[in-house]
Amino acid sequence: MVKHIVMWTYREEDRDETINTLKGMFEALQGKVDGLLRLEIGVNTVPDAAACDMVLYTEFEDWSALEFYQNHPDHQRIKEYTAPRRQSRHQVDYEC
């Protein structure tokens with residue numbers, strides 16, 4: 001199994017709208033991407049200078065399933081939407 005975790009911080013002026021839109025876009029991927037076993041979106045609720053705004057936690061069958069997800073058209077649309085709205089992005093991928 002491969003875990004793929006991504007955290008973002010978004011621009012202040014459209015943060016709430018961005019988070020709500022992305023939450024729906026990511027949740028819509030469930031059942032559409034072969035090899036995607038689990039998808040969870042978390043939205044930060046505790047204000048802290050070191051905190052990110054949103055986290056994506058996903059589990060995939062294997063590395064090829066993660067690659068399939070990365071290239072999936074719905075995921076590409078998410079990347080296009082979020083890129084101009086984010087301030088920072090952090091990612092961790094690991095096998096367990």
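Me: Which elements do the buried residues of H1 pack against?
Reply: Keep in mind that this is a predicted model. Helix H1 covers residues 15-27, and its buried residues are Arg-15, Thr-18, Ile-19, Leu-22 and Phe-26. Those residues pack against E1, E2, E3, helix H2 (63-71), helix H3 (73-82) and strand E4 (86-95).

Me: Trp-8 and Phe-26 make an aromatic pair; is it stacked or tilted?
Reply: Both partners are tucked away: Trp-8 is buried at 4% relative accessible area, and Phe-26 is buried at 1%. Their ring centres are 5.6 Å apart. Stacked would need planes under 30 degrees apart, but these planes are at 35°, so the pair is tilted.

Me: How many residues apart in sequence are the parts that this Trp-8 and Phe-26 pair ties together?
Reply: Trp-8 belongs to strand E1, while Phe-26 belongs to helix H1. The pair therefore links parts whose separation in sequence is 18 residues.

Me: What about Trp-8 and Tyr-10, stacked or tilted?
Reply: Trp-8 and Tyr-10 are both buried, and together with Phe-26 they form one aromatic cluster. The Trp-8 and Tyr-10 ring centres are 6.4 Å apart. With their planes at 20°, the pair counts as stacked.

Me: Which residue in E3 is the bridge partner of Trp-8?
Reply: E1 and E3 run antiparallel, joined by seven bridges. E3 spans residues 54-60, and six of its seven residues are buried. Within E3, Trp-8 has as its bridge partner Met-54.

Me: Then which residue in E3 is the bridge partner of Leu-36?
Reply: Strand E2 (residues 36-43) also runs antiparallel to E3, with seven bridges between them. For Leu-36, the partner in E3 is Phe-60.

Me: Is Thr-9 buried or exposed?
Reply: Thr-9 lies in strand E1. Away from its sequence neighbours within four places, its contacts include Arg-15, Cys-52 and Gln-87. The cut-off for buried is under 20% relative accessible area, and Thr-9 has 14%, so Thr-9 is buried.

How values were computed:
Residues numbered from 1 in each chain as written. Predicted model: local features only at pLDDT ≥ 70, side-chain atom pairs only at ≥ 80, totals over all residues. Heavy atoms only, no water. Helix = DSSP H or I, 4+ residues; strand = E, 2+ residues; numbered from the N terminus. Buried < 20%, exposed > 50% of the residue type's maximum accessible area, 1.4 Å probe, protein only. Contact = heavy atoms within 4.5 Å. Pairing = 2+ DSSP bridges. Expected span 1.5 Å × (residues − 1). Phe/Tyr/Trp six-rings, centres within 6.5 Å; stacked < 30°, edge-to-face > 60°.
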